[in-house]
Amino acid sequence: MSFSIGPHTINSPVIMAPMAGVTDQPFRLLCKRLGAGMVVAEMLTSDSRLWDSRKSQLRMIHQDEPEPRSVQIAGTEPDQMAAAARLCVERGAQIIDINMGCPAKKVCKKAAGSALLKDEVLVRSILNAVVSAVEVPVTLKIRTGWSPEQRNGVTIARIAEEAGIQALAVHGRTRACAYKGTVEYDTIARIKESINIPVFANGDITTPEQARQVLAHTGADAIMIGRAAQGNPWIFREIEHYLKTGVTLPTPSSKELKAVILEHLHRLHDFYGDYLGVRIARKHLGWYVQRLPMGAQFKSFFNQLEIASEQLASAQEYFEQLIEGEVMAA
């Protein structure tokens with residue numbers, strides 16, 4: 001199940017969604033290695049005057065990443081979005097992704113993200129400006145509409161295709177729904193029927209079985225996984241394997257958990273440095289252990305550690321105890 005975005009062939013129909021504060025370079029590398037067909041970097045504001053912050057600088061590091069390198073931008077001014085896209089390409093982006101799907105209040109207050117879905121004329125202007133500004137493919141992420149009463153996702157999708165957008169990700173909720181309520185996939189199915197570019201279905205897909213059902217229901221070309229990958233980067237290979245074979249992979253062993261999580265902690269410490277790396281590691285470690293034996297207690301202990309080497313040593317000890325418990329149980 002492969003598809004193309006411009007010159008890039010994507011060989012797995014399981015894509016990692018961009019998530020601010022989550023899909024940094026260490027996590028992107030891990031998810032790609034564990035089966036994601038494509039990963040998308042964290043959202044950048046289109047206002048490049050704000051790119052001098054450490055947070056933005058770190059979001060723009062893409063060296064040594066597997067291709068294609070996709071970078072997401074968000075904003076409301078067509079010329080500013082076009083300029084941001086050009087700068088991202090100069091810094092190594094091979095695909096520009098435009099965010100019109102984020103429901104966060106701080107993004108929507110500026111009429112960016114999914115708030116743009118209200119203004120179809122502005123949507124067209126932004127898409128035309130960005131597509132014209134760069135020679136790399138431009139993709140778009142949207143919701144099904146502004147509110148349940150204004151599901152204009154099909155109209156936006158047609159505008160996107162006319163503007164030259166080369167793939168479209170659709171979250172199955174409206175802006176008004178944020179992340180609450182049930183995802184509906186009927187609008188995604190109608191969008192897929194209405195356009196000829198690849199469509200990615202997104203929203204609350206947490207299991208391989210559900211991924212297959214959503215693909216069957218919508219006719220989408222791929223599944224986009226967001227929050228379900230937090231603490232579970234194995235979900236990409238599990239879904240890909242199930243879609244290919246109909247067979248469910250076993251959950252990762254404690255031995256593999258230990259290897260992957262220690263690798264992730266090392267990458268976070270190296271990428272962010274000791275001070276910030278230790279703090280960001282707490283968030284990821286919490287997701288990893290939330291469903292493991294004594295996970296809550298270990299998370300509480302881990303969150304008090306201030307030194308990278310102590311985090312690594314404590315994680316190693318915790319997972320060795322899990323492995324020992326498995327051996328004893330066998």
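Here we look at one helix, then one of its residues, then a pocket.

Keep in mind that this is a predicted model. Start with helix α8, which runs over residues 208-218. Which of its residues are buried? They are Pro208, Gln210, Ala211, Val214, Leu215 and Thr218. These residues sit on the same side of α8, because they cover an arc of only 160 degrees around the axis. Here's the general idea: an α-helix has 3.6 residues a turn, so residues three or four places apart point the same way. On the face turned away from the buried side, you'll find the exposed residues Gln213 and Ala216. And what covers the buried residues of α8? The cover includes α7 (186-194), β10 (199-202), β11 (222-225) and α9 (235-245).

Now zoom in on Thr218, which lies in α8. Thr218 counts as buried because its relative accessibility is 4%, and the cut-off for buried is under 20%. A polar atom of its side chain lies 2.7 Å from the backbone oxygen of Val214, and the side chain of Thr218 also reaches the backbone nitrogen of Ala220 at 3.1 Å. Leaving aside neighbours within four places in sequence, Thr218 is in contact with Tyr185, Ile188, Ala189, Lys192 and Ala201. Just after the helix, Gly219 takes a positive phi of about 75 degrees.

Finally, the second largest pocket holds about 550 Å³ of space. Of the 25 residues that line this pocket, Gly231, Asn232, Thr251, Pro252 and Arg291 are the closest to its centre. Our helix α8 turns up here again: α8, α9, α10 (254-272) and α11 (274-289) each supply at least two residues of the lining.

Notes. Residues numbered from 1 in each chain as written. Predicted model: local features only at pLDDT ≥ 70, side-chain atom pairs only at ≥ 80, totals over all residues. Heavy atoms only, no water. Buried < 20%, exposed > 50% of the residue type's maximum accessible area, 1.4 Å probe, protein only. Helix = DSSP H or I, 4+ residues; strand = E, 2+ residues; numbered from the N terminus. Arc of directions from axis to C-beta. Contact = heavy atoms within 4.5 Å. 1 Å grid on protein atoms, 1.4 Å probe; cavity = no way out; pocket = protein on both sides within 12 Å on 5 of 7 lines; lining within 4 Å. Points joined across faces, edges and corners; volume = space filled by probe spheres on them. Polar contact = N/O pair within 3.5 Å; in protein donor to acceptor, adjacent residues only side chain to side chain.
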